[in-house]
Amino acid sequence: MIIDKKYFFGFLVLAAGLLLAGCNLDKKEDQEPKSPEKPVMAEQTVLEESPLPETDQEPEEEKEPQKPARKAAPKVKGIYITGPVAGHEKMEDLIGLVETTELNAVVIDVKNDDGQVTYKMKSPTIEEIGSGVGYVKDMEGLVKRLKEKNIYVIGRVVAFKDPILAEKKPELSLKTKKGKIFR
């Protein structure tokens, strides 16, 4: 594998959540979802088998069960940060920028276009092919610090472009019809 499973699935869940949140960005926050109109029913003829007891009260109309109000997803406004910058002292400036502006998220490279994993992930495959470059010395600490400041953290993982893996383990690469590595 290219990425440690516990981080991959965490990033996958986070990305899916943000994708769903992004689908609601165009909706106004104060706008309630429209409920579908009730279908018009034709009148039904009821055969009387036994008379109903007479009461002074009018029969209550049946109410449709109410769905709980859906909370509006927060608008995500973020900045993209490369691995080298995330591991540099300038990261503190960027955290300050997010805290003092309308920004609320950062997208950090976990695996970039060159196939480099931006921190020393404990994964046999990454160690074997040498793709862990370690720009970010303490990824767990960085993520924890960002979460403490209520900053959304999005991990960017380039999935279908990995020249390092393709060269070191061609058996895991996509191939052309002639069997050569697809580039």
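A pocket here is an open set of grid points with protein on both sides within 12 Å along at least five of seven lines. Keep that in mind for the first close-up, and remember that this whole model is predicted.

**Close-up 1. The second largest pocket and its lining.** This pocket has a volume of about 430 Å³. Its lining is made up of 14 residues, and Phe 160, Lys 161, Asp 162, Ala 166 and Leu 174 are the ones nearest the centre. Sort the lining by type and you get 10 nonpolar residues, 3 charged and 1 polar.

Close-up 2. Helix 5 covers residues 139-148, and its Met 139, Leu 142, Val 143 and Leu 146 are buried. Those four sit on the same side of the helix because they cover an arc of only 95 degrees around its axis. What do the buried residues of helix 5 pack against? Their partners are helix 2, helix 3 and strands 2, 3, 4 and 5.

**Close-up 3. Asn 104 in its loop.** Look for Asn 104 in the loop between helix 3 and strand 2. Is Asn 104 buried or exposed? Its relative accessibility is 16%, so Asn 104 counts as buried, the cut-off being under 20%.

Notes. Residues numbered from 1 in each chain as written. Predicted model: local features only at pLDDT ≥ 70, side-chain atom pairs only at ≥ 80, totals over all residues. Heavy atoms only, no water. 1 Å grid on protein atoms, 1.4 Å probe; cavity = no way out; pocket = protein on both sides within 12 Å on 5 of 7 lines; lining within 4 Å. Points joined across faces, edges and corners; volume = space filled by probe spheres on them. Nonpolar A, V, L, I, M, F, W, Y, C, P; charged D, E, K, R; others polar. Buried < 20%, exposed > 50% of the residue type's maximum accessible area, 1.4 Å probe, protein only. Helix = DSSP H or I, 4+ residues; strand = E, 2+ residues; numbered from the N terminus. Arc of directions from axis to C-beta. Contact = heavy atoms within 4.5 Å.
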